[in-house]
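Here is a short briefing on aromatic contacts for your next look at a model. Have the viewer open as you read, and follow along ring by ring.

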Amino acid sequence: MVRLYGKAPYEAVLVHGGPGAIGSLKGFAEELYEISHIGVVEAIQSKYSIAELIEELYGQIKSHCTNKISLIGHSWGAWLVVLFTEKYPEVVKNVILIGCPPLEDKYVSEIGSRRLQNLSDEDGAIFQRLMSNQATAEDMEKIPRIFDQADNYCLENREKHRADKTDSEMHNKVWSEAAKLRSSGQLLISFKNIKSKIYLIQGESDSHPVNGVTIPLQENGVQCETYVLERCGHSPFMEKCVKDEFYKILIRAIKEKNNDRAN
């Protein structure tokens, strides 16, 4: 399933996070089209393994896009677009990572500590079940509100960006696979293997520490054009203070013609 904004040719494909945050980029997709008049595909994930998600995304892109596209991933979606581009480089012009999770295990503890200090004991317990892949369906219903408190700086119109639903089975199964890719180092190998230009847009107040992305990439010789936004949390497209700056950076990246990374 996809949602389309504007008309062909569709130049940007948005890939949501979670895993399992179904439809969480609809507000982002609407605003990107309204501001830029660029045709946008909002890709909806429905599969329960990374391999299946990659093939699903390939079908979505081939069905609606005729030219190479900017593949834009938010949170978990940032990893998925890299894994996809490693397998199907011929359809991707560039990859744009927003709120990317850290790429090595040693940075992971920072995420939990940043979030927990902003949560009540009850909400903190739910968050910890989520991180241990033990979240229930009832827990997942509360996750959007909890992450609002834990991850963001100054939200604007949160309801416009609310996910259609959250899928706990998808989250638990897919994230279990993804975490193993990070621990084994295979995720960083995937970053090294792609040739498309990489952009990283990260909020300074994001619970995902930007150094957890930039330092591993630098140490592995992977070039990345990085933008760190002040007064911004995990989702720049929802942040009142930086939204205009975020869209300027994003649209410029989508429209840039030369998008191959230098060797």
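A residue counts as buried when its relative accessible area is under 20%. Phe237, at 2% relative accessibility, is therefore buried. Please keep in mind that this is a predicted model.

- Phe28 belongs to helix H1 (residues 26–36), whereas Phe237 sits in the loop between strand S9 (225–229) and helix H10 (243–255).
- The pair therefore ties together parts that are 209 residues apart in sequence.
- Phe28 is buried too, with a relative accessible area of 1%.

**The pair Tyr58 and Phe84**
- Tyr58 and Phe84 have ring centres 6.5 Å apart and planes at 35°, so they form a tilted pair.
- Planes under 30 degrees apart would count as stacked and those over 60 as edge-to-face.
- Tyr58 comes from helix H2 (residues 50–64) and Phe84 from helix H3 (residues 76–87), so the pair ties together parts that are 26 residues apart in sequence.
- Phe84 is buried at 0% relative accessibility, while Tyr58 is partly exposed at 23%.

**The cluster**
- Which residues do ring pairs link into a cluster? They are Phe28, Phe237, Phe246 and Tyr247.

Conventions
Residues are numbered from 1 along each chain as its sequence is written. This is a predicted model: local features need pLDDT of at least 70, side-chain atom pairs count only at pLDDT 80 or more; totals for chains, interfaces and linings use all residues. Side-chain values use heavy atoms; hydrogens and water are left out. Helices (H or I, at least four residues) and strands (E, at least two) are DSSP runs, numbered from the N terminus. Buried means under 20% relative accessible area, exposed over 50%, partly exposed in between (1.4 Å probe, protein chains only). Rings of Phe, Tyr and Trp (its six-membered ring) pair if their centres lie within 6.5 Å; planes under 30 degrees apart count as stacked, over 60 as edge-to-face and the rest as tilted.
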